[in-house]
Amino acid sequence: MKIFRAIAAVAFFAVITVGSVFAQPRPTTPSTTPATGSMPDARIALVNTDDFADEKTGIVRLVAAMKRVDGEFQPRRTELQTLQQQIEKTTADLNKAAPVQDPKVTAQQNEKIEQMKKDFQRKGEDAQAAYQKRLQDVQGPVYDEIGKALDAYAKAHGITLILDVTKIQGILSASESLDITRAFITEFNSKNPTASLMPPQ
């Protein structure tokens, strides 16, 4: 049973805007220009932020942060797995012995198993909460860097609006040329090649 699930603790906004989408209207000449004005030029791009955490093709620093936290919590994960195995063994032993032993002994053993289950649930919940908080503490600064880099990437490529497809429903079809995910990940990794640049937590 998996006790922990790797999650991204800091979410991006569904829409990341770069610059002003609605620019000031161009000067108009009353005699020749319609009163409705003109629409600003806009370039839209799509990004899949779920891909940032992909272990093989994602952002190196983000994946490294996740693995770092996983390593820190391995002892607690092992403890929970051991406790679960003890519960399963104790339950199996009781099922075999119950038909031939004193009902009072069976009741005591059942109480012991129930207490073990409560301890397992409590420790599991505590570990999960601690894991999520630690993951957020470690990955948060990386996500901040990613957000700044994405903003810089958009400005450098003349992108006015970036939509995160993982946060927006209703995008049924779009040209692959709009997807900047892979290009952005490649650029970010090239400028931030190792997790060693991350400050110790």
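Colleague: Which residue takes a positive phi just after α3?

Modeller: That's Gly158, at about 65°. Before going on, know what you're looking at: a predicted model, where local features need pLDDT of at least 70 and side-chain atom pairs count only at pLDDT 80 or more, while totals for chains, interfaces and linings use all residues. Residues are numbered from 1 along each chain as its sequence is written, and side-chain values use heavy atoms, with hydrogens and water left out.

Colleague: How many helices and strands does the secondary structure come to?

Modeller: Elements here are DSSP runs numbered from the N terminus: helices are H or I with at least four residues, strands are E with at least two. This protein has four helices and three strands, and from the N terminus on they run β-β-α-α-α-β-α.

Colleague: Back to α3, then. How far does α3 reach from its first C-alpha to its last?

Modeller: To judge a helix's span, take 1.5 Å times one less than its number of residues as the expected value. Helix α3 covers residues 103–156, 54 residues, and reaches 76 Å, close to the 80 Å expected.

Colleague: Where in α3 does the kink lie?

Modeller: A bend at a residue is the angle between two fitted axes, one for the seven residues ending there and one for the seven starting there. In α3 there's a kink of about 40° at Gln139, shortly before the proline Pro141.

Colleague: And which residue caps the N-terminal end of α3?

Modeller: Look for a polar contact (N or O atoms within 3.5 Å; within protein, one able to donate a hydrogen and the other to accept it, with residues adjacent in sequence counting only if both atoms are side-chain atoms). Asp102 is the cap, with a side-chain oxygen 2.8 Å from the backbone nitrogen of Lys104.

Colleague: On to charges. How many salt bridges does the structure hold?

Modeller: Side chains of opposite charge can pair when their charged atoms come close. The cut-off used is a side-chain nitrogen of Lys or Arg within 4 Å of a carboxyl oxygen of Asp or Glu, and the structure holds 14 such bridges. One of them joins Glu145 to Arg61, with the closest N and O atoms 3.2 Å apart. Glu145 sits in α3 and Arg61 in α1 (residues 60–72), so this pair ties together parts that are 84 residues apart in sequence.

Colleague: Is Arg61 buried or exposed?

Modeller: Buried means under 20% relative accessible area, exposed over 50%, and partly exposed in between (1.4 Å probe, protein chains only). Arg61 is buried at 4%, while Glu145 is partly exposed at 30%.

Colleague: What links Arg68, Glu72 and Arg134?

Modeller: A network of salt bridges. Within that trio, Arg68 and Glu72 meet at 3.9 Å, N to O, and both lie in α1, four residues apart, about one turn of the helix.

Colleague: Which residues of α4 are buried?

Modeller: In α4 (residues 181–191) they're Thr181, Phe184, Ile185, Phe188 and Asn189. Theirs is only 125°, which puts them on the same side of α4. On the other side, Ser190 and Lys191 are exposed.

Colleague: What covers the buried residues of α4?

Modeller: Contact means heavy atoms within 4.5 Å. The cover includes β2 (44–47), α1 and α3.

Definitions and conventions. Arc of directions from axis to C-beta.
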